[in-house]
Amino acid sequence: MKNQEGQYFSPQQIPEALEILSKYGKEIKIIAGGSDLLVQYHDRLYEIAGWLDLKNLTELKKIELNSSEVSIGAMITHSQLEKSPQIKNYFPILSRAAAEIGSPQIRNRGTIGGNIVNASPAGDLLSPLIAYEAKLVLLSSDEKNIIPAEQFFTGPKKTILKPNQLLTQIILPLPPQNCYSSWVKVGKRKALAISTIALAMVVKMSEDNQIIQGAKVCLSSIAPTPLEIKEVREEMIGKTFSQVNFTKLAQLVEDKISPIDDIRGTKEYRKEVARRIMIHCLEEIYSCWRDKCLPIN
Amino acid sequence: MKRFGRGIATIMFGFGYGEGFPDYSVASIEFAEDNKILVRTAAADVGQGVLTVVVQIAAEVLKVSPEVIRIIPGDTHLTKNAGSSSATRQTFFTGNAVKNAAQALLSNIYHYASIEFRSNYAELSVKGGYVFRVDQPNNKISFWELAQKVKEKGEILRAEASFFPRTNKPNPETGRGEKVYVAYTFVTQIAEVEVDTITGNVQVLKIYTAADIGKAINPQNVEGQIEGGAMQGIGMALMEEQVLKDGVTLNANLTDYLIPTAMDMPQFETCLIEKEDSDGPFGAKGIGEPGTIATAPAIANAIFDAIGIRFYDLPITPDKILKALKEQKDKKL
C-alpha cells in the first residue's frame, strides 16, 4: 500500500479493508456497486483521490440465517435481495422494495450497503429496513458498533458513519410467526423512477394472532431522512384490529409529516397520498390477517 | 381503487412543409460491378426506416430482389439534396424520387436492350435482373452485361430523378387553399386506461390505432412508427413537463424529465387502411408525426371516462388528478 494519488485498493479480507480505512479513510471513497457514486461523480471523477473497492470481500456477499436473525452482507445486490428465498419468506416488503429499484442494470450493480450509506431521503430500502427493526454493523480497525438503522441517518446524504468505519452487515431480527407487512412506492412511472413518496408498514401480532404487539410505519421522500411515525405505535399496540380506527391513523400520518415541494411532487400531493397509502397499507395488512384467521373461524 | 376508462381521438395531418415552401428530393440509380444496384440518396434514416422503404421501392420497379440493392447514403461528395428527415416527408418525397429514378433507369434499360434485341419495349420485359424478349424468355441479357455493353459505347447506364411537388399558400383571410399540403394522413386512436385513485397514477393499458396511410410499403415499420409515436404521446399526456423556476429549468436531465420506459408500454392493436389515394409512391402517405398526435387527447378522454373529470392542460400528473378528485368529492358533499 502506497499513499499515491489515484490509489486503488481492492482487499480480499475485511481486516485489510479496515486498515486501509484507518490510514486513508478521509481521502478515499468506498465503492460497492457504484450505481450512486459513479453517477454523482461522473463528470468529476478526478476529484476522487483514491478508491477502496469492496468487490473482493466475499464475506460481504452472503445472506446468513440463524435461529433468531438474518444477516445480510453489505455487498448483497438489489437483485439478490429481491430473489433471496429467505428474504422473500421473512421480509417480503424488503424483497418487493428491492424489486422496484431503478432498472435491471441498476439492481444488478447496486447494493444494500450502498443504498444505506448513500442515505438518500428517497432510498427505497431504508423504510422497510427501519420498519423491520434492522441493525447495522459498523466496523473499524479498533471497534465494532451495532446500531439501530433509524439512528444511522442524520440528513439527506448524511450519516453517522465515520471515515474509518465500514458498514459490513445488516441484521434483521426474525419476525414472529404472525407478522404482516405492506409496502407502497409512489413514482411517476413504473421503472427508473425516484420515489415521490413510499411507505413501509410492519405489524406484529401476539401468539394467538389477536393482539397487536408491534407496529412500525416508516415513510421515505417526505423528510430529510427516512422517518418512522412513532405515534402510530401508541394507537395500535395492545389493541385488536377491530379497535383500530384506520381513518384516524391515516390522518395522523398526514399530520405528522411536513414534506417539501420538489420536482417529484408538491407538499400538498405528498400529504394527501401519505394518508391514502396509509389506509391502503392498513387495509392490505388487515385483509391478510383476516384471510389467515379464516380457517380458524 | 382503480377505475377503468376508454377514450377516443381523431386527427388529420397535412405533411411535408406545405404552404408553398420550396421542397424536393433527388435520387439516382446505377450499376455496381459486383452485380449490385446502387441507389444514391441523402435521405437520413434516423431509425424511421426510410432506407428500407426506398430499397423496397427500387426493387419493386426494377423487378429485382431487395438484396440486390445497395444504398449510398447521405454524403456531400456522393449524393444530392433529399431534404430533411422531418415534417413526415421522407417516404413521400424520397420514395417518389427513387421511384422516378427507378422508372427512368428502367426506360434506359429498355432503350439499350431494344438495340441489342432489335425489338421494342412492348415485346421486352425484365425479371430478376435480366431483360428479355417476351416471346423468347431464354434469350436474355443481365442488367450488368447490358451496362457493360453501354459502357463500351462510351455511355453510362444510369438514371437520376427528382420529385418536386407544388403546394400553395392558403388564403390569409380565409385560411383556405387548394392543395396546401402534399397529402393528409388520418388517424383515430382509442386509449384504455386505469386511474389509481389512491395515488393519482394513470396506467395506459391498451391503444388501438386505425391509420389511413394510403399504402403501407413496409407494414411492420408503419406499426413501429405508430407504436413509437403513441409512446411519445403517452409521455406528453402523463409525464413530460419542463419545470421552470425563476427562468431556470429544474429538470434539465432525464432523471427528472421523465419519458415512458418499456415498463410503461401498453398493448397495441393497429389497423392499417390502404386506400392508395395520394401522390406518394404507390399511394403511400407519411406516418411519422401523425402517430403521436391523437394519443394525448384519447388518454385525456379516457381519464374523463374513468373519473368524470376534464383536464385542459398537459401533462395530467398524479398531483393534478388527486387534487381534482378531492375537489370533486368536496363538491358532492
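Mentor: Let us begin with the meeting of the two chains, bearing in mind that this is a predicted model.

Trainee: How many residues does the contact take from chain B and from chain A?

Mentor: The size of an interface is often given as the accessible area lost when the parts come together. Here we count residues instead: chain B gives 16 residues to the contact and chain A gives 15 residues. On the side of chain B that touches chain A, nine residues are nonpolar, three are polar and four are charged.

Trainee: Into which domains is chain B divided?

Mentor: Domain 1 of chain B comprises 2-15 + 177-332, and domain 2 of chain B covers 25-163. The centres of these two domains, taken over C-alpha atoms, are separated by 39 Å. Their contact joins 16 residues of domain 1 of chain B to 14 residues of domain 2 of chain B. The side of domain 1 of chain B that touches domain 2 of chain B has eight nonpolar, six polar and two charged residues.

Trainee: How should I read the packing of two helices?

Mentor: Two packed helices are described by the angle between their axes and the distance between the axes. Take helix 1 (residues 50-62) of chain B and helix 2 of chain B: their axes come within 9 Å and cross at roughly 25°. Helix 1 of chain B is therefore roughly parallel to helix 2 of chain B. The crossing of helix 1 of chain B past helix 2 of chain B is right-handed. Among the residues that make this contact are Val54(B) and Ile57(B) of helix 1 of chain B, and Val98(B) and Leu105(B) of helix 2 of chain B. By class, the contact of these two helices has eleven nonpolar, five polar and one charged residues.

Trainee: At what angle do helix 2 of chain B and helix 3 of chain B cross?

Mentor: The axes of helix 2 (residues 90-117) of chain B and helix 3 (residues 143-152) of chain B cross at roughly 80° and come within 11 Å. Helix 2 of chain B is therefore roughly perpendicular to helix 3 of chain B. Helix 2 of chain B makes the contact through Ile109(B), Tyr112(B), Ala113(B) and Glu116(B), and helix 3 of chain B through Phe143(B), Leu146(B), Lys149(B) and Val150(B). Six of the residues in this contact are nonpolar, none is polar and two are charged.

Trainee: Which domains make up chain A?

Mentor: Chain A is divided into domain 1 (7-53), domain 2 (59-173) and domain 3 (179-293). The C-alpha centres of domain 2 of chain A and domain 3 of chain A are 20 Å apart, and 22 residues of domain 2 of chain A are in contact with 23 residues of domain 3 of chain A. On the side of domain 2 of chain A that touches domain 3 of chain A, helix 8 of chain A supplies the largest share, five residues.

Trainee: What is the order of the strands in the open sheet of chain A?

Mentor: The four strands of this open sheet follow the order 11-12-13-14, with antiparallel pairing. Strand 11 (179-186) and strand 14 (227-228) of chain A are the edge strands, each pairing on one side only. Strand 11 of chain A is joined to strand 12 (residues 197-205) of chain A by eight bridges; Trp183(A), for instance, has Ala200(A) in strand 12 of chain A as its bridge partner.

Terms used:
Residues numbered from 1 in each chain as written. Chains lettered and ligands numbered in written order. Predicted model: local features only at pLDDT ≥ 70, side-chain atom pairs only at ≥ 80, totals over all residues. Contact = placed C-beta atoms within 7 Å. Nonpolar A, V, L, I, M, F, W, Y, C, P; charged D, E, K, R; others polar. Domains from an automatic or database assignment. Axes fitted to C-alpha atoms, helices over the stretch in contact; angles between N-to-C directions. Helix = DSSP H or I, 4+ residues; strand = E, 2+ residues; numbered from the N terminus. Parallel < 35°, antiparallel > 145°, perpendicular 65-115°, else oblique. Pairing = 2+ DSSP bridges. Left-handed = near helix turned anticlockwise from the far one by under 90°.
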